[in-house]
Amino acid sequence: MILLEQMFILFLLMMVGMIGRKKELINDVVCKGMSAIVLNIACPAFVLSAGINKDEYVSNEALLTCAICAIAIYAGLILCAVVIPYILRLPKNNYGTYRVMTIFSNIGFMGFPIVAATYGSIGLLYAATFQFPFNLLFYTYGIKTMQNSSDTETEATSSWKNILNVGVISVFISIALYLLRVHVPESLADAISSLSGLTVPLSMMVIGYALGGMKIRSLLGDYRLLFFAFIKLILIPIIGISLLKLFITDDTLLGVCFVMIATPVGSMTAMLAQCYGGDEDTASRGVALTTLLSVVTIPLVGGLCL
């Protein structure tokens, strides 16, 4: 019920973005600026606010367990990504796009807000540990995989400057603040908390704006994409959480792992396809379809698994 309530709230915020597009209150330039604010200001502040939290603490062992879970989850997703193109009988030039869509979920724009609302600052601290392996894989494995499905030559830019971006740096700082019990002045903590409050509404409005430009018919007419959405949003989370339950007894950590697995395809996959010769149209439709369906699948599958 908590997940259902949170997904309904997020859906309403997405509707604001859709309406803003229809009423021409938001355009591509405004949306791009909102995305930049979320990625470079609001979301890092969101992560930092978890490390500043003084009300609850988790052990170093619990954080280490979370890091191991994150590595195991991405290893499992990579294995799934290898198999899925064969299951769907895809054309070879679509292998890379579907593999990237399988691995990289929308943990920043959608995962963090869901975790924060459902599991609080401790859950957000757990979720933050997923960002480093995400970025490391995205700018290395993700680029290489997308290039392998392209007929054109593209230059890779998977440098440490991209991997160690402001989002990942904020994760390191947040964990350091938390582990070292650093006292942060109340005025600074309040400013960071205020900035973090921008994350949920802005990120959902950006997603809603993007969905507002999609035609439902184009999303529902591709049976391969629909089958992929079933695997991505239902089958993988059920199998993944069932396996993790064998080793994890912490309900909060298990819930965070579920959200990290169950969130829809990350919007950055479409940008990656555009830059490195993948199927940009399929990636964009994959983001839109899985985002719409996740409003139902996340609370549904969460109720079955957790």
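Arg 181 is partly exposed, with a relative accessible area of 42%. Keep in mind as you explore that this is a predicted model.

Where does Arg 181 sit? You will find Arg 181 in the loop between α8 (166-179) and α9 (186-196). Its backbone deserves a look too: Arg 181 is not a glycine, yet its phi is positive, at about 55 degrees. To put that in context, most residues other than glycine have a negative phi.

Glu 24 also has a positive phi, near 60 degrees, and is a residue other than glycine. Look for Glu 24 in the loop between α1 (2-22) and α2 (28-52). Is Glu 24 buried or exposed? With a relative accessible area of 70%, Glu 24 is exposed, because the cut-off for that word is over 50%.

Now turn to Thr 290, which belongs to helix α15 (residues 280-305). Its relative accessibility is 1%, so Thr 290 counts as buried; buried means under 20%. Which residues does Thr 290 touch, leaving aside those up to four places away in sequence? They are Ala 229, Leu 233, Pro 264 and Val 265.

| Residue | Relative accessible area | Class |
|---|---|---|
| Thr 290 | 1% | buried |
| Arg 181 | 42% | partly exposed |
| Glu 24 | 70% | exposed |

How values were computed
Residues numbered from 1 in each chain as written. Predicted model: local features only at pLDDT ≥ 70, side-chain atom pairs only at ≥ 80, totals over all residues. Heavy atoms only, no water. Helix = DSSP H or I, 4+ residues; strand = E, 2+ residues; numbered from the N terminus. Buried < 20%, exposed > 50% of the residue type's maximum accessible area, 1.4 Å probe, protein only. Contact = heavy atoms within 4.5 Å.
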